[in-house]
Amino acid sequence: MNDPMLGLAAVRLAAAIAPSYIHPDEFFQTPEVAAHQFLGVTTPLPWEFDPAAPARSIFPVWITAGLPFLAARALGLDSGRSLFVVVRLVFALQTLLIDYLIATYLVPRHHRALSLTLASWAHTGALMTHSFSNTTETLALTAALVLATRGRTRALTAAALGAVLATGVFVRATFVLYAWPVGLVAVVGFLRSRRIGLLAAFTAAGVLTAAALVACDSLHYGALVFPILTNLRYNADAANLAHHGLHPRITHLLVNVPLLFGPMLAMAPSPKLQTPIARLAAACAASGLALLSLAPHQEARFLFPLYPCVLAVALAGPPTPRSRWWTWGAAANAVLYVVFAGHQAGIVPAAAEIASLSGDANVTVVSSRTYAVPGFLLSRGGGRPFTGTVVNAGSDDALAAAAVRESIKTQETWLIAPRVPAGLETEDVHEEAAFWHASFDDWPGTWRARGQVRVYRVVRRG
């Protein structure tokens with residue numbers, strides 16, 4: 001297994017540090033929050049971390065970005081580009097741990113090499129390596145499946161399972177939708193075998209872990225808070241979800257599952273439910289997919305936790321001949337890697353360019369027809385975090401032009417955009433750099449800009 005694992009690690013780490021940018025949440029819900037607290041970046045926090053009504057636990061942010069950022073700063077690696085690499089590597093290591101647990105504990109020995117081969121699929125390499133909390137949720141579910149199926153006869157294992165299940169709930173509220181079968185099977189198993197001591201260890205560890213995480217959140221936010229409950233209330237209201245985009249309730253089943261797992265399933269042997277592991281994984285997958293499909297906001301990343309379940313079911317059977325779909329699956333995999341690698345890929349190097357050219361940390365950066373620029377990417381390093389202003393104008397050229405004209409009156413101003421927005425003809429706009437960039441949201445604009453995003457320094461004329 002060592003050679004496939006090493007090859008997988010090489011592919012995974014290479015994909016992780018590619019400068020693609022899939023969704024704003026990958027930056028603004030984890031590394032930007034950590035940079036705000038630990039490094040002094042002063043851009044506004046996202047609404048989920050508003051102390052008045054927090055909807056996210058701070059603990060996962062501290063573990064997956066806060067502590068790595070503190071270590072990076074101690075080593076002098078606190079420039080925006082270095083912090084980007086650090087957080088990507090942290091999440092890439094999480095995905096490798098997921099694959100190790102799957103290959104070692106959740107699939108038969110004769111399918112371990114195949115499971116690592118299927119793990120090279122673009123969904124893990126090009127998506128899960130990004131700093132989405134969904135990746136950490138997937139790791140928690142994988143660990144829970146391993147603990148639930150690897151001998152529930154020891155108090156330490158039972159306690160570890162209770163702690164993992166409690167932690168997963170604080171990582172993402174949706175963890176409950178996937179993991180409740182694991183908890184149910186564990187409790188029923190303890191009761192049937194009359195192992196009350198194990199049930200006590202499981203329950204005590206879960207309760208103590210939850211209490212510790214509530215205390216952690218309450219200390220951070222300055223009051224007794226339960227972010228998980230706020231998150232559930234928010235997402236239960238369709239009017240709130242409308243701000244993020246509404247989708248047909250069959251989007252997960254007809255679009256997101258084929259996108260993430262279609263060729264992987266085609267390349268795997270026929271699914272089997274012959275083992276307790278496969279049956280429990282199937283229950284978790286069915287529950288998560290069905291319950292998430294009830295909500296009208298459906299993003300593909302919400303289905304990341306299906307990954308260990310899919311492999312545990314697909315590879316539960318005996319060895320089978322090589323699938324005729326391998327060539328097609330490999331080709332689809334390569335195409336997806338290229339597509340995801342280029343998406344919004346100019347933002348990270350553009351931010352690094354501004355950090356290197358800017359003479360002050362207190363500048364204004366306006367982005368137009370791109371995703372928002374995270375403040376931590378604009379940090380110059382050497383203990384000089386970004387303390388300026390970031391304005392994202394979306395596709396509104398008038399807003400971008402107005403923000404630039406207002407900023408240049410008092411501050412050094414930079415613009416990141418595929419082209420200069422209309423309305424800035426009267427100002428001095430100097431192109432400093434251009435980077436490869438593609439946007440799923442603005443294909444015509446990407447075509448007109450020849451697949452590039454540009455960095456402009458804007459100076460008030462006269």
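Trainee: Which residues make the nonpolar surface patch of about 530 Å²?

Mentor: Please keep in mind that this model is predicted. The patch is formed by Val176, Trp180, Leu184, Val188, Leu291 and Leu294.

Trainee: Which helix gives the most to the nonpolar patch?

Mentor: With four residues, the greatest contribution comes from helix 10, which spans residues 175-192. Leu294, by contrast, is located in a loop, the one that runs between helix 15 (276-292) and helix 16 (306-314).

Trainee: Is Leu294 buried or exposed?

Mentor: A residue is called exposed when its relative accessible area is over 50%. Leu294 has a relative accessibility of 57%, and therefore counts as exposed.

Trainee: Let us turn to charged side chains. How many salt bridges does the rule count?

Mentor: One looks for a side-chain nitrogen of Lys or Arg within 4 Å of a carboxyl oxygen of Asp or Glu. By this rule there are nine salt bridges. One of them joins Arg301 and Asp25, with 2.6 Å from N to O. Arg301 belongs to the loop between helix 15 and helix 16, while Asp25 belongs to helix 2 (residues 25-28), so the pair ties together parts that lie 276 residues apart in sequence. Both Arg301 and Asp25 are buried.

Trainee: Which residue forms a salt bridge with Glu431?

Mentor: The partner of Glu431 is Arg454, and their closest N and O atoms are 3.7 Å apart. This pair links distant parts of the chain, since Glu431 sits in strand 4 (residues 428-436) and Arg454 in strand 5 (residues 452-459), 23 residues apart.

Trainee: Why does Arg454 count as buried?

Mentor: The term buried applies under 20% relative accessible area. Arg454 counts as buried because its relative accessibility is 14%. Glu431, at 47% relative accessibility, counts as partly exposed.

Trainee: Which residue forms a salt bridge with Arg457?

Mentor: Arg457 pairs with Glu432, and the closest N and O atoms are 3.4 Å apart. Here too distant parts of the chain are linked: Arg457 is in strand 5 and Glu432 in strand 4, 25 residues apart. Arg457 is partly exposed, with a relative accessible area of 25%, and Glu432 is partly exposed as well, with 34%.

Terms used: Residues are numbered from 1 along each chain as its sequence is written. This is a predicted model: local features need pLDDT of at least 70, side-chain atom pairs count only at pLDDT 80 or more; totals for chains, interfaces and linings use all residues. Side-chain values use heavy atoms; hydrogens and water are left out. Patches are made of residues with over 30% relative accessible area and no salt bridge: like charges are joined within 9 Å, nonpolar side chains (Val, Leu, Ile, Met, Phe, Trp, Tyr) within 5 Å. Accessible areas come from the Shrake-Rupley method with a 1.4 Å probe; for residues, only the protein chains shown count as cover. Helices (H or I, at least four residues) and strands (E, at least two) are DSSP runs, numbered from the N terminus. Buried means under 20% relative accessible area, exposed over 50%, partly exposed in between (1.4 Å probe, protein chains only).
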